[in-house]
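Here is a short report on one protein model.

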Amino acid sequence: MTILRKASEKLVPENIFHMRLNTMSPMNPKYDVIVIGAGHAGIEAAYAAVRSGVRTALVTLCLDKIGEMSCNPAIGGLAKGQIVCEIDALGGLMGQAIDATGIQFRMLNLSKGPAVWGPRAQADKQAYARYTGQFLANLSGLDLIEGEAVEILTDHSGVRGLVLGDGRRFDTRAVILTTGTFLNGLIHIGEKRIPAGRVGESPARHLTNCLKKLGLEIGRLKTGTCPRLAADSIDWSRCEIQSGDEVPIPFSILTDKIVQTPIPCHVTRTNARTHRIIRDNLHRLPLYSGQITSIGPRYCPSIEVKVVRFTDKEQHLVYLEPESRESDWIYCNGLATSIPEDLQLDMVHSIAGLENARIVQFGYAIEYDFIRPNQLGFDLQCRKVPGLFCAGQINGTSGYEEAAGQGLMAGLNAVRYLNRAEPIVLRRDHAYIGVMIDDLVTKGIDEPYRMFTSRAEFRLLLRADTAERRLCPIAHDLGILDELRWTRHLTWQAQREKLTALLKKHRLEGLSAEEWLRRPASTWSDLVAKLPADLFAEFGPRICQQVQADIKYAGYYRREHKAAEKLHQLEAVKLPADMDYFAITGIKYESQEKLNAARPSNLGQASRISGITPADIMVLMITLNKKRHAKTS
């Protein structure tokens, strides 16, 4: 493994974008895959490529910022936690990293059914970044390169190389873009506008022009973060304590149990004074003064948006979350903002417990460039540029977990592309990762995409605790799963079968224990209390929880499996890659345009394109049948 820091500082040549492939020296270093960006998407993309056996480089503006958490120092949550478990079941890194560095673990939504439970962990952001950085640094087959990517070199067949801002050039046939918020990033704090990809870090200023010249449509999005406070300046007695789970369930199949001592979080609330400060100063707020014009995340709005939009709300929750065991910084979850610094100070001081709080970093909004994701194939490859893959916020998503899931799939598919193998496409009943990529490619976005359980029509099948049995066999068949995970999967599968057989065998109140547990009022703790004490001794809490859910929701599972089979029937009907949708009569022009842009590979994908009607699908089926009949006659 090689780590390359920046070469001697050189100005970016004005004609850098006019370089041609034939100017490259035969001595240029050569990689099979180059990943640009070392955030959560880049980490998983690079690791997936290395696990697939190819020589890989990861290029980043600053090697000291690998795995940096730009915003909330947490991993998981509703639907997001499921993605982390899926990444782990496919052999990825995120679950291991948070299990090793988390400071508080909680299962969200426990008052509802297991389909919507969401594992979440408060992260030690410094330890997490250190863990991921060291992991990559020790990874054989991966070179870490510090520098700014400014030009992707192509020829008639696709990607052929990469140029950095200091003139270094590398040969490659596959590039994965995981640029986060760095493409022409612009920070807003009140009237201040600061070019940056993250606070204190320079943006990537040149790559967008390259992408435009490659024929890609670029858009602009916005996200933001909250002020950070000094822990010793908070009156904790005026805040509610929020503890984690006593026995946390790990994310990774490799983690037996969480061993770190937990740290509590706290909760406080905004009030009428807080809201008045915001409402009285709308003319100074970038989101309402016209200074920010791009679209931000609807489901994770800034505090000023919440105050203006939800006028009936007298208060909003603010979660005070420690950022690290090594720092006294407190993250104010729920208080994301871009209001001026003096107003941020007034706003913070209006909140109970924060009257004397010191702001150690002001909140800010950031605008950045992204690629419209309906220009991608289902392998996350740009259709116009063979060998160019994109993952994470560059595709219009928000969140570490969404980025990491895309990164993993882009890394695997980049190698499949090099090997001329069929791409890996996870179905909507396989994984939340499959739901996300399908949504991005077929529907596109008009705001930052965030994963929710409601986006998945098969969410009971996609429980967080079923990720291992859903995806480990797929990863094993592809040859990308380590032996330890595969052995653990086989062991757990055997334990589930053994426990289920025991429940069928033992009787309780005239019923088998399995039938007794299926009753709505029956609980696992009651069952354990009524049967011999040593009966379940060999089964851990994970196995017991999984089997209980399997039994209680068996009828619902059968229903979802039937619905999934109907979807598979549509997806089994393949659409030719060269299908001329404009030549098909009976489909309105708007639908023809959307089908031509998305290029779905089957009828199931076509049916999920926004604006495509059941009548359009029927016409496609008739057209395909006519083509088949013409070929056989």
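The sections below go from the basis of the model to its cores, selected residues and salt bridges.

## Basis

This is a predicted model: local features need pLDDT of at least 70, side-chain atom pairs count only at pLDDT 80 or more, and totals for chains, interfaces and linings use all residues. Residues are numbered from 1 along each chain as its sequence is written, and side-chain values use heavy atoms, with hydrogens and water left out.

## Nonpolar cores

The largest nonpolar core has 129 residues. Helix α10 (residues 400-418) gives the most to this core, with 10 residues. A nonpolar core here is a set of buried Ala, Val, Leu, Ile, Met, Phe, Trp, Tyr and Cys residues joined through side-chain atoms within 4.5 Å. Buried means under 20% relative accessible area, exposed over 50%, and partly exposed in between (1.4 Å probe, protein chains only). Helices (H or I, at least four residues) and strands (E, at least two) are DSSP runs, numbered from the N terminus.

Ile152, Leu177 and Leu388 have the most contacts inside the largest core. Leu177 touches both Ile152 and Leu388, and its other partners beyond four places in sequence include Ile36, Leu207 and Phe389. Contact means heavy atoms within 4.5 Å.

His188 sits in strand β13 (residues 186-189). His188 counts as buried because its relative accessibility is 0%. Its side chain makes a polar contact of 2.7 Å with the side chain of Glu367. Another, of 2.9 Å, joins it to the side chain of Gln291. A polar contact is a pair of N or O atoms within 3.5 Å; within protein, one must be able to donate a hydrogen and the other to accept it, and residues adjacent in sequence count only if both atoms are side-chain atoms. Beyond four places in sequence, His188 is also in contact with Tyr364 and Ala365, among others.

Gly224, in strand β15 (residues 218-225), touches Tyr364 and Ala365 too, along with Cys71 and Ala336.

## Salt bridges

How many salt bridges does the structure hold? There are 41. A salt bridge is a side-chain nitrogen of Lys or Arg within 4 Å of a carboxyl oxygen of Asp or Glu. Arg488 and Asp256 form one, at 3.0 Å from N to O. This pair links distant parts of the chain, 232 residues apart: Arg488 is in helix α13 (residues 483-505), and Asp256 is in the loop between β17 (240-242) and β18 (265-269). Asp256 is exposed, at 62% relative accessible area.

Asp438 pairs with Arg428, with the closest N and O atoms 2.8 Å apart. Asp438 lies in helix α11 (residues 432-443) and Arg428 in the loop between α10 and α11, so the bridge ties together parts 10 residues apart in sequence. Both residues are buried. Lys443 bridges to Asp439, with closest N and O atoms 3.5 Å apart. These two are separated by about one helical turn because they are 4 residues apart in helix α11. Lys443 is partly exposed, at 44%, whereas Asp439 is buried, at 4%. Arg428, Asp438, Asp439 and Lys443 belong to a salt-bridge network that also includes Glu457, Glu571 and Arg608.
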